[in-house]
Amino acid sequence: SATTMKLCIVVCSLLAVLCCYSAHAKPVIPFKYPLYMQCDARWGNENMNGSTICQEGCAMSCVSMALAGKNISIEGVDANPEVLNAWPRANDGYICLSGDCNNLVLNAPDNIAPGRVNFVSEKQKPNVSVLQQWVVSDTIVSIAHVHNNGHFVLVVGYDTDNTTFYVNDPFYPLQSYTY
């Protein structure tokens, strides 16, 4: 079909705590996204304007997972942290904040695939039902701020118990956080 899917990226804050798996859990994971670890040997040492993807590439790694999961390439190349890192470096996609020049300009991914990627907002923690709706939407991807707003993860699913959200965490070996 000629219909263009628009991928909305929503960054929200989950004041989260590691969750233990429940025997009564009923996971809802509607889409498959690749898990890109920011310290992967293929790109972990790549420069991000002063530090490396391994050191500070969580948001950028999450965006690359979202793009790859939605089959959106970057200038004809499959998205991964190395490919995505090269794009903002060449297109003013990083910004300096308080001396830290590795901050991804939040709407920069809009320019990767105009009409298909759209940054919506950096919202504070939405209610559970809104976040669950975003998870099952084929046009919205949620990237959550965790660890006291110091780290980003890609939200990929939720548990029907309404407290657990499944994530692709690009740094920590965690698969879920509680709401």
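How many bridges join strand E4 to strand E5, and in which direction do the two strands run? In this predicted model, strand E4, which spans residues 94–97, is joined by three bridges to strand E5, which spans residues 100–104, and the two run antiparallel. Within this pairing, Tyr 94 has Leu 104 of E5 as its bridge partner. The two strands form a hairpin in which two residues stand between E4 and E5, and Ser 98, which belongs to the turn, has a positive phi of about 55°.

Of the 179 residues in the chain, 49% are buried.

In helix H4, which covers residues 128–136, the buried residues are Val 128, Leu 131, Gln 132, Trp 134 and Val 135. Seen down the axis of H4, these buried residues fall within an arc of 160°, and they therefore line one face of the helix. In strand E7, which comprises residues 140–146, attention may be given to His 145. With a relative accessible area of 12%, His 145 is buried, and its side chain reaches the backbone oxygen of Asn 149 at a distance of 2.9 Å.

The cysteines were considered next. A disulfide is a covalent bond between the sulfur atoms of two cysteines, and a search of the whole structure finds one such link. This disulfide joins Cys 39 to Cys 54, with the sulfur atoms 1.9 Å from each other. The torsion about the S-S bond of Cys 39 and Cys 54 is about 80°, and the disulfide is therefore right-handed. The pair links distant parts of the chain, since Cys 39 is found in the loop between strand E3 (27–28) and helix H1 (53–56), whereas Cys 54 is in helix H1, and the two are 15 residues apart.

Cys 58, by contrast, is in no disulfide, and the cysteine sulfur nearest to that of Cys 58 belongs to Cys 62, at 6.4 Å. Seen from Cys 62, the closest cysteine sulfur is that of Cys 58, and the 6.4 Å between the two sulfurs is too far for a bond, given that a disulfide requires the sulfur atoms to be within 2.5 Å. Cys 58 is buried, with a relative accessible area of 10%, and Cys 62 is likewise buried, with a relative accessible area of 0%.

Among charged side chains, the structure holds one salt bridge. In this salt bridge the side chains of Asp 40 and Arg 42 meet at 2.9 Å, from N to O. Arg 42 counts as exposed, because its relative accessibility is 56% and the term applies to values over 50%.

The aromatic rings were examined last. A pair of aromatic rings is described by the distance of the centres and the angle of the planes, and the count of such pairs in this structure comes to four. One of them is formed by Tyr 36 and Trp 43, whose rings lie 5.5 Å from centre to centre with 80° between the planes, an arrangement that is edge-to-face. Both partners are buried, Tyr 36 with a relative accessible area of 15% and Trp 43 with a relative accessible area of 3%. Another pair is that of Tyr 158 and Phe 165, in which the ring centres are 6.3 Å apart and the planes stand at 50°, so that the pair is tilted. Here, too, the two residues count as buried, with Tyr 158 at 14% relative accessibility and Phe 165 at 0%. Tyr 158 and Phe 165 also belong, together with Tyr 179, to one aromatic cluster.

Terms used
Residues are numbered from 1 along each chain as its sequence is written. This is a predicted model: local features need pLDDT of at least 70, side-chain atom pairs count only at pLDDT 80 or more; totals for chains, interfaces and linings use all residues. Side-chain values use heavy atoms; hydrogens and water are left out. Two strands pair if DSSP finds at least two bridges between them. Helices (H or I, at least four residues) and strands (E, at least two) are DSSP runs, numbered from the N terminus. Buried means under 20% relative accessible area, exposed over 50%, partly exposed in between (1.4 Å probe, protein chains only). A polar contact is a pair of N or O atoms within 3.5 Å; within protein, one must be able to donate a hydrogen and the other to accept it, and residues adjacent in sequence count only if both atoms are side-chain atoms. The arc is that of the directions from the helix axis to the C-beta atoms. A salt bridge is a side-chain nitrogen of Lys or Arg within 4 Å of a carboxyl oxygen of Asp or Glu. Rings of Phe, Tyr and Trp (its six-membered ring) pair if their centres lie within 6.5 Å; planes under 30 degrees apart count as stacked, over 60 as edge-to-face and the rest as tilted.
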